[in-house]
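Here are my notes for your first look at this one. Have the model open beside you as you read.

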There are 2 protein chains.
Amino acid sequence: MAVIVQKFGGTSVADAAKIRRAAERVINAAKMGLQVVVVASARGKQTDQLVADALELNPNPPKREMDQLLSTGEQQSVSLLAMALDATGYDAISFTGGQIRMLTDSAHTKARIKSIDAQRIHKQLDKGKIVIVAGFQGIDEDENITTLGRGGSDTTAVAIAAALGADECEIYTDVDGIYTTDPRIYAKAAKIKQISYDEMLELASLGAGVMHSRAIEFGKKYDVKIHVRSSNKETEGTIITHEVPQMEGVVVSGATIQEDMAKVTLVGLGNRPGNAASIFAKLANAKVVINDIMQTEVSKEKANLSFTISASDLSAAKQAVEDIKDQVACDSIFVRDDIAEVSVVGVGMRNHYGVAEKMFGALAEAQVNIDSITTSEIRISCIVDKDQGQAALTAVCDAFELDKSAEQRSK
Amino acid sequence: MAVIVQKFGGTSVADAAKIRRAAERVINAAKMGLQVVVVASARGKQTDQLVADALELNPNPPKREMDQLLSTGEQQSVSLLAMALDATGYDAISFTGGQIRMLTDSAHTKARIKSIDAQRIHKQLDKGKIVIVAGFQGIDEDENITTLGRGGSDTTAVAIAAALGADECEIYTDVDGIYTTDPRIYAKAAKIKQISYDEMLELASLGAGVMHSRAIEFGKKYDVKIHVRSSNKETEGTIITHEVPQMEGVVVSGATIQEDMAKVTLVGLGNRPGNAASIFAKLANAKVVINDIMQTEVSKEKANLSFTISASDLSAAKQAVEDIKDQVACDSIFVRDDIAEVSVVGVGMRNHYGVAEKMFGALAEAQVNIDSITTSEIRISCIVDKDQGQAALTAVCDAFELDKSAEQRSK
């Protein structure tokens, strides 16, 4: 019997009406003859309320106790969802992470999954029950409750789908799929029917919300077909899956813009071994998260080193490089926080020429100046002036026809 | 090292200020060099809110899922209390019922404790930690979460005290101890310093709130010294303990009144074997809880059988006896719901004469008519007209000097 995993986020179980609607989704799948496993997040603003309750008592609460506290949110959702299913005559059973032995390491608030007892779930499914599992949480070897951190419930869902060998993992959310770009900026953006894990990972790391990288990485590792779709509409969403040949016909799958960025450049850096290592060790110590790094030699002795970061890390980053400036024989430091990064992503790039040329051409035609360029195997990013960012994204989307579906473009 | 168990009810952890005050109580005990185990209930109205959330989705929710849902309330309290202790520099660790393997049967919503893994608690105490355990909950052998029903957190506390061999189990509540009678009716009521389990059981079954019978039974079975005291005042409360010789010097420890009562009498019941059994089987089927039963033969063939019940069960009880009336050859049925039961309780009664006489005398002097009388080894109860109930209680309290402490009376 085929198994499907359905994940409902906090907004999809926020109140009784929404829990009932989620239950309908579950019942529809059960009626199709599927064995259904449901993963649910905490209701609406429950987690925020619990965090506020904790901080009122302790500005720096022990992480183990935070996990003990926050995990109750999902436990409430799953029992309520089981009750809603029971009310319509369906037999459902809810489980905490501990009850299905979702075993994790002991890194409280950001634990990593080690194993799942799939037999405990199969046993209930084989009794004809709908199984509802609390997302976001697990237990460590000493039975302490752990949580998985941001995007944790998505990760739970994909991990369970992997453990059960499920046909599909549906992620219900408040958007109806992944779009070629942000429709708030480029209204003509088209919904993507199918996208590869690698493309989705690039898009996620470039700030295209919807799904957290960890869940996608899990899906990639265990080849779980992920279906991102709307909890309000019946329409198909976006399938995230392994790369299939026809994807290569599409050069660019999507485009993104990141606007809250800053760039730090160490000008005239002494070009000797160990300098880069020292700088990034210093930045890691200051807990600065680095996006991209660009370095070019400017003479035999000197290089320019730039890196991009989130704007909120800028003051910590500036302090860190000022502290190390003399040690690494750097002439001066140059900082920009008036920038945006526009990127195009597509696995088709690997086998197509002229993608960079087309992107730069589109930006030139729109009179957008390019500050810097970085690329990966399936991505090209350009840093531009912030006030030209949205125009740059529009120009790029037009050039790559991101208002059309992949089928239309690959014809 | 001596161990103490402290239990805080829902009102004692209702908000951040109260959680901090509870934490102070815990710290005071820790400062005295005691190993402290804390048991907490769900915060204030949390349980009511969760029940309402459940009923909105399902008027008859599955009991397993109710337990899964309601147990989160205590889990939140214990983690928050651990955070409050951490904030003041004390090392605390919170546990769910499952985490200390509070093993119960599988009777969801009214489970019975089978065993506790005391080693898990001792291990943490020996590391110097304050251990905080979620009250009211356990797990069954299949790791389903169970709850213990009414008074469950008290039972948890007493059971843990028994398992650890604790010196004392403190029950913090919003009253400052057990009184000789209800101070709302008899303002001169005196606080009882020490009372036996049996007396407390009689008082609890007669409606003297404060502690649930199950917790007292547990305390009696494992000889746990229970200290009922106020969470707002520093004063000593009431110690519930095994019977000690000096208790016998006091004839009557307390008096109670139950006002929401009804009495059903089967007049002229056929006096043959099996009739009583049939009647009470019928009543049990109708889920009527019986308080007291009184039967007297009135001729060779006929008897009168009366029983008292809670007023809310009256219509169900009437229907049940009407249904069985002919089968048991009963002439007529007589019902009263305008009654109250006044009782006196005391282990000293076993060795003292004249208690009944003194009680009846006091009632006669107050012009109170007695409808019926029942007694146990340590209790005498009189059913009187409801509108004379409070006057009857006052007369009895005056007669037995329940405005004085036991020490003053036994002199």
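How far apart do the C-alpha centres of domain 1 of chain A and domain 2 of chain A lie? Point 2 has the number.

1. Some housekeeping. This is a predicted model, in which local features need pLDDT of at least 70 and side-chain atom pairs count only at pLDDT 80 or more, while totals for chains, interfaces and linings use all residues. Residues are numbered from 1 along each chain as its sequence is written, and chains are lettered from A and ligands numbered from 1 in the order in which they are written.

2. Domains. Chain A splits into domain 1, residues 3-174, and domain 2, residues 255-410; the bounds come from an automatic or database domain assignment. The C-alpha centres of these two domains of chain A are 38 Å apart.

3. A strand to look for in chain A. Strand S6 covers residues 130-134, and five of its five residues are buried (20 or more other C-beta atoms within 10 Å of a residue's own, with C-beta atoms placed from the backbone). Ile130(A), Ile132(A) and Ala134(A) point one way from S6(A), while Val131(A) and Val133(A) point the other way. Strands here are DSSP runs of E with at least two residues, helices are runs of H or I with at least four, and both are numbered from the N terminus.

4. Its partners. S6(A) runs parallel to strand S2 of chain A (residues 35-40), joined by four bridges, and parallel to strand S3 of chain A (residues 92-95), again with four bridges. Pairing takes at least two DSSP bridges between the strands.

5. How the copies are related. Chain B superposes on chain A by a rotation of 179 degrees with 0.0 Å of shift along the axis, at an RMSD of 0.1 Å. The two copies are therefore related as by a two-fold rotation axis. Within chain B, Thr72(B) comes closest to the axis, its C-alpha at 2.7 Å.

Conventions
Least-squares fit on C-alpha atoms with pLDDT ≥ 70 in both. Buried ≥ 20, exposed ≤ 12 C-beta atoms within 10 Å, placed from the backbone.
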